[in-house]
Amino acid sequence: MIRVAEVVWWWAAAVGVWLLTLSSVTWQELVVAAACGLPAAVAAPAGRRAVGGCWRPRPGWIRWAATLPPSILADTARVFWTALRHARDERPPGRVREVPLPHEAPEPVAAARRALATIALSSTPGTYVVDDDPERHRLVVHSLSESTSPTEKAITR
């Protein structure tokens with residue numbers, strides 16, 4: 001039963017991502033999304049097992065979603081401002097820095113935090129995760145901002 005639930009979850013995620021990329025949803029697109037999402041959903045658990053993936057997210061991490069809209073708005077403005085300001089500048093804008101993560105135990109919880117933090121931080125247009133370092137409990141990010149975003153602050157708590 002758990003395996004079926006996992007396939008259904010992956011199928012819903014695949015269909016959801018497909019539909020999010022559309023400007024309008026028609027019944028034909030819905031049928032194609034469902035048909036294409038099913039093979040991906042069937043293969044996903046095998047892929048997860050092959051890499052030894054096991055996540056145990058904490059329910060409190062859902063609050064990160066509330067910090068995304070202000071971070072996305074600020075980063076969008078920052079991207080446009082950087083494009084205008086650095087149009088003729090040869091130096092690349094932004095910098096690479098480390099984002100410390102709290103120590104989590106057991107490892108499936110720490111792995112879930114790293115993965116979901118990577119998704120949340122990379123969801124904003126001015127920041128993306130370059131690397132993660134599980135031993136030092138940190139993410140390496142490239143950011144256009146010198147300051148920390150609300151999303152970054154929530155993730156590091």
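## Largest pocket

By class, the lining of the largest pocket in this predicted model comprises 9 nonpolar, 1 polar and 2 charged residues, where Ala, Val, Leu, Ile, Met, Phe, Trp, Tyr, Cys and Pro count as nonpolar, Asp, Glu, Lys and Arg as charged, and the others, Gly among them, as polar. The lining consists of Glu6, Trp9, Trp10, Ala44, Arg48, Val51, Gly53, Cys54, Trp55, Pro57, Leu116 and Ile119. Helix H1 (2-20), helix H2 (27-50) and H4 are the elements that give two or more residues to this lining, and H1 gives the most, with 3 residues. Helices (H or I, at least four residues) and strands (E, at least two) are DSSP runs, numbered from the N terminus.

The volume of the largest pocket is about 540 Å³. On a 1 Å grid over the protein atoms alone, a pocket is an open set of points where a 1.4 Å probe fits, with protein on both sides within 12 Å along at least five of seven lines; lining residues have an atom within 4 Å of a point. Grid points are joined across faces, edges and corners, and the volume is the space filled by probe spheres set on the points.

## Second largest pocket

The second largest pocket has a volume of about 160 Å³. Its lining is formed by Pro57, Arg58, Trp61, Ile62, Trp64, Ala65, Leu68, Leu116, Ile119, Ala120 and Ser123, divided into 9 nonpolar, 1 polar and 1 charged.

## Nonpolar core

The largest nonpolar core has 14 residues, of which Trp64, Leu121, Leu139, Val141 and Ile155 touch the most other members. Such a core is a set of buried Ala, Val, Leu, Ile, Met, Phe, Trp, Tyr and Cys residues joined through side-chain atoms within 4.5 Å. Two or more residues each come from helix H4 (107-122), strand S3 (138-143) and helix H5 (150-156); the largest share, 5 residues, belongs to H4.

Leaving aside neighbours within four places in sequence, Trp64 is in contact (heavy atoms within 4.5 Å) with Arg113, Leu116, Ala117, Ala120, Ala154 and Ile155.

In S3, 6 of 6 residues are buried, that is, under 20% relative accessible area with a 1.4 Å probe and protein chains only. Arg138, Val140 and His142 lie on one covered face, and Leu139, Val141 and Ser143 on the other. S3 runs antiparallel to strand S1 (residues 95-100), with 6 bridges joining them; two strands pair if DSSP finds at least two bridges between them. Within this pairing, Arg95 has Ser143 as its bridge partner.

Strand S2 (residues 127-133) is likewise joined to S3 by 6 bridges and is antiparallel, with Asp132 opposite Leu139. S2 and S3 form a hairpin with 4 residues between them, and His137 in the turn has a positive phi of about 55 degrees.

Beyond residues up to four places away in sequence, His142 touches Pro93, Gly94, Arg95, Val96, Gly126, Thr127, Tyr128 and Val130.

Asp75 is found in H3 and is buried at 3% relative accessibility. The C-alpha atoms of Asp75 and Val17, 58 residues apart along the chain, are separated by 22 Å.

## Basis of the values

Residues are numbered from 1 along each chain as its sequence is written, and side-chain values use heavy atoms, with hydrogens and water left out. In this predicted model, local features need pLDDT of at least 70 and side-chain atom pairs count only at pLDDT 80 or more, whereas totals for chains, interfaces and linings use all residues.

Definitions and conventions. Buried means under 20% relative accessible area, exposed over 50%, partly exposed in between (1.4 Å probe, protein chains only).
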